[in-house]
Amino acid sequence: MTTALSEGMAVNFAMVPIEPAGPLLTALREGRIQRGDIALVWALLSHVDWRSGRTWATTTELAATLGSEPEAVEQALARLQREALVARGADVRQPSRKFWCVNPLAIGSTGGKHRRERQYQQFLRALG
C-alpha cells in the first residue's frame, strides 16, 4: 500500500543527520547563526546535485523554496559563510556560473573520522 507521503519521499526526501556537538548546532546555540539559517541549509540540500555536491540554485530560487525574501536569504548565506558552514564556488569552465556547497562537517556523516575527512576534502575540491 502506497501513501501520498511515501510517493513524495522518492522525489524530495533526504535523511541528513545533524550532530548535536557539530558546527551547525554549535553556531546556533552560541548565537552566531539564526534558526532560519538551518532551514536555508536544508533548502540548499534540497537543490543539491548529489554527484558533485554543488547547489546551483539562485538566491531568488532559495527564497521561493523558503517562502522568504531574497534579501533575508542573502543575509542568512552571509552568516553561514562566516561560520564556514556553506561556501560559494565558481565553475572552472565558466567562472561567471556560481554555485553553493554545504560543508559536510556541518551535518552528521556516517562512517567515522576517515569518511568525514574524505567528505571534507571533496567539499574543498568542489569549490574549484
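A84 sits in the loop between α5 (70-82) and β3 (86-90). Along the chain A84 and L24 are 60 residues apart, yet their C-alpha atoms are separated by 9.6 Å.

A quick word on where this comes from. The model is predicted, so local features need pLDDT of at least 70 and side-chain atom pairs count only at pLDDT 80 or more, while totals for chains, interfaces and linings use all residues. Residues are numbered from 1 along each chain as its sequence is written, and side-chain values use heavy atoms, leaving out hydrogens and water.

Now the whole chain. How many helices and strands does the protein chain have? There are 6 helices and 4 strands, where helices (H or I, at least four residues) and strands (E, at least two) are DSSP runs numbered from the N terminus. Their order along the sequence is α-α-α-β-β-α-α-β-β-α. The protein chain has 128 residues, and 33% of them count as buried. Take the contacts (heavy atoms within 4.5 Å) between residues at least 6 apart in sequence: 46% of these join residues at least 24 apart.

Next, please find helix α3, residues 35-46, and helix α4, residues 59-66; their axes come within 10 Å and cross at roughly 115 degrees. Axes are lines fitted to C-alpha atoms, for helices over the stretch in contact, and angles run from 0 to 180 degrees between N-to-C directions. So α3 and α4 are roughly perpendicular to each other, a label for angles of 65 to 115 degrees. On the α3 side, A39, L40, A43, L44 and S46 make the contact, and on the α4 side L62, T65 and L66. By class, that contact has 6 nonpolar, 2 polar and no charged residues. Nonpolar means Ala, Val, Leu, Ile, Met, Phe, Trp, Tyr, Cys and Pro; charged means Asp, Glu, Lys and Arg; the others, Gly among them, are polar.

Helix α3 also packs with α5, at an angle of about 95 degrees and with axes 10 Å apart. Therefore α3 and α5 are roughly perpendicular too. Here D37, L40, V41 and L44 of α3 meet V73, A76, L77, R79 and L80 of α5. This contact has 7 nonpolar, no polar and 2 charged residues.

Let's finish with T55, in strand β2 (residues 54-55). Is T55 buried or exposed? T55 is buried, because its relative accessible area is 1%. The T55 side chain reaches the backbone oxygen of L44 at 3.0 Å. C-alpha to C-alpha, T55 and L44 are 6.2 Å apart in space, and 11 residues apart in sequence. Apart from neighbours within four places in sequence, T55 is in contact with L44, H47, V48, F99 and W100.

Terms used:
Buried means under 20% relative accessible area, exposed over 50%, partly exposed in between (1.4 Å probe, protein chains only). A polar contact is a pair of N or O atoms within 3.5 Å; within protein, one must be able to donate a hydrogen and the other to accept it, and residues adjacent in sequence count only if both atoms are side-chain atoms. Angles under 35 degrees count as roughly parallel, over 145 as roughly antiparallel, 65 to 115 as roughly perpendicular and the rest as oblique.
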